[in-house]
Amino acid sequence: MLRRDLVKTGAGVSLLSLLGAGARAAHADVPGAPAPTGAFDASTVRRIAERLSRSAYRAPEQTLPSAIDSLNFDQYRSIAYREDQALWHGQNLAFDVEFFPRGFLYRPRIEIYEVADGKSSPVPYSPDLFTYGDPKLKVADNVGFAGLRLRYAINTPGVMEEFCVFLGASYFRAVAKGQNYGLSARGFADGTGNPKGEEFALFRAFWLEKPQPGVDSVVVHALLDSPSVAGAFSFTIRPGDMTVFDVQSYVYPRTKIDEPGIAPLTGMFYFDANDRNHVDDWRPAAHDSEALSIWTGSGQQLWRPLRNPRDLQFSAFSDNSVRGFGLMQRKRAFADFEDLALNYEKRPSLWIEPIGDWGAGAVDLVEIPTPNEVNDNIVSFWRPGGGLAAGKEYAFTYRMYWGWDTPWPTRLARIAATRVGAVTDDPAARFFAIDFSGAPFDNLPPDARFHLVPSSSAGTIRNVVVEPDPAIHGWRTTFEFAPGDAKIAELTCVLANDAGPVSEQWTYRWTP
């Protein structure tokens, strides 16, 4: 899929035509649905979503005037929102909001409302809100908005900067202080990795709660919609050294959903030292995230390095009451990537912390082959056991941490690097070097010893070596893996001493 691409849908209608405009509207399409304007409280979007789910899906408006109907990337980027027209600009608030024009990949008209003093009202559109690189791209039609960006003085006091974007399908991105954009999140996933194709839900409306003076958080409500599901989301967003989203979500399936994805994360992995066999590139690595990390319900901490496989790979980590998971970027030095333009070392990790017990299910990981770094090819999410039944309400509350690392400390040693290469005298075998660093290696006695506990679902692990790595104040383990006749193998290992494991568990999928 193209990065942050927008799913194309059929003929469209506006939210107002579905739900009515104002208290006097006759809600013929969705009987009894609350109006999107007027009185607003914490349950408003939830009630809209529930009632919307009882009717057949109708896509939002996508028709555009001819002058902007076929914009290319450069033309779209030349249309810029005027900073002095930002919502809440000049009102001495911690946040303001700018909006994206429609066009290029972003065709659906997204309804956007401001909530103030318990009432919602549409954010008015005007072509004068934007500047245009080509004056012919300015049209008088009331075409509306495609999405929004939130701004806050995240890096320099008094200087408003974009730190969060909601744009395209149900995609959104955020950064912490000092970071650049990288991976994205989504509201909902359905059928990711299925050969039959994936359904992309859309945030078709947003309600922006006007913050009070002196408050460093902002609340955004979103209405999710797709042929299979409607949903209501509330994001309480706190930017800073770690940008935190508190998410309350309710989903209402129109049909049975066998492959739902809760809290989906989407990013790019092109290559790194563990997987560059078919990449000819001058840099040491290129990726938004290097691994999937999972904290299981039993307290186990897993580290699964990502790959850019030759064939699509689907992995499921079954669990009960998962404590958290995330797509992580631990490499934080410029020398790790050597890319002056893209600054992969400054891209955020994103950790998902379930609030409450999510029960039985699995953390899924989908790895899609990509020939370059243009495509999002990594997706991970929580898949509830048994899927979602039509006509029911499902609630998922969670916290998202956009930042430099996980939000919780660990006393376990952590995987600092995974490197994979050839074995000189055995072309079928692979050589693995795994570095460990962290708290267990502080203040070690001179005679400290560690050993590796490896396993493989197929093939043979041989020639295991464990030795100190003074360069990282840690330990390096190496081994050879001989696959034999295997076409796929799941490898795992932990570093241990005589008292037991001292590290998180490294897990890896080998394919030819």
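This is a predicted model: local features need pLDDT of at least 70, side-chain atom pairs count only at pLDDT 80 or more; totals for chains, interfaces and linings use all residues.
Ser321 sits in the loop that joins E21 to strand E22 (324-328). Its phi is near 60 degrees, a positive value in a residue other than glycine.

## Asn443: a positive phi in an exposed loop

Asn443 is not a glycine either, yet its phi is positive, at about 55 degrees. The residue lies in the loop between strand E28 (426-437) and strand E29 (451-456). Is Asn443 buried or exposed? Its relative accessible area is 79%. Asn443 is therefore exposed, since the class begins over 50%.

In the contact between them, 15 residues of domain 1 meet 14 residues of domain 2.

Together the two domains bury about 1400 Å². Carbon and sulfur atoms account for 42% of that area. Which residues of domain 1 lose the most area to domain 2? They are Asn274, Trp303 and Arg330, together 33% of what the domain 1 side buries.

How many salt bridges does the rule find across the interface of domain 1 and domain 2? It finds 1. Glu504 forms a salt bridge with Arg330. The closest N and O atoms of Glu504 and Arg330 are 2.7 Å apart. Arg330 is also among the residues of domain 1 that lose the most area to domain 2.

Polar contacts across the interface of domain 1 and domain 2 come to 11 residue pairs, with both residues at pLDDT 80 or more. On the domain 1 side, strand E20 (301-305) and strand E21 (313-320) each supply at least two of the touching residues. E20 gives the most, with 5 residues. By type, the domain 1 side divides into 6 nonpolar, 6 polar and 3 charged residues.

## Asn377: a buried loop residue

Asn377 belongs to the loop between strand E24 (360-367) and strand E25 (378-384). Is Asn377 buried or exposed? Its relative accessibility is 1%, so Asn377 counts as buried. The cut-off for that class is under 20%.

What does Asn377 touch, leaving out residues up to four places away in sequence? Its contacts include Gly267, Met268 and Phe269. Asn308 is another of them. Val366, Glu367, Ile368 and Thr370 are also touched by Asn377.

## Ser249 and Phe396

Ser249 lies in strand E15 (residues 243-253). With a relative accessible area of 3%, Ser249 is buried. Leaving out residues up to four places away in sequence, Ser249 touches Ala232 and Phe233, among others. Tyr394, Ala395, Phe396 and Tyr398 are also among its contacts.

Phe396 is 147 residues from Ser249 along the chain. Their C-alpha atoms are separated by 5.3 Å. Which atom of Phe396 lies 2.7 Å from a polar atom of the Ser249 side chain? It is the backbone oxygen of Phe396.

Conventions. Residues are numbered from 1 along each chain as its sequence is written. Side-chain values use heavy atoms; hydrogens and water are left out. Contact means heavy atoms within 4.5 Å. Buried area is the accessible area (1.4 Å probe) that two parts lose on being put together, summed over both. A salt bridge is a side-chain nitrogen of Lys or Arg within 4 Å of a carboxyl oxygen of Asp or Glu. A polar contact is a pair of N or O atoms within 3.5 Å; within protein, one must be able to donate a hydrogen and the other to accept it, and residues adjacent in sequence count only if both atoms are side-chain atoms. Helices (H or I, at least four residues) and strands (E, at least two) are DSSP runs, numbered from the N terminus. Ala, Val, Leu, Ile, Met, Phe, Trp, Tyr, Cys and Pro count as nonpolar, Asp, Glu, Lys and Arg as charged, and the others, Gly among them, as polar. Buried means under 20% relative accessible area, exposed over 50%, partly exposed in between (1.4 Å probe, protein chains only).
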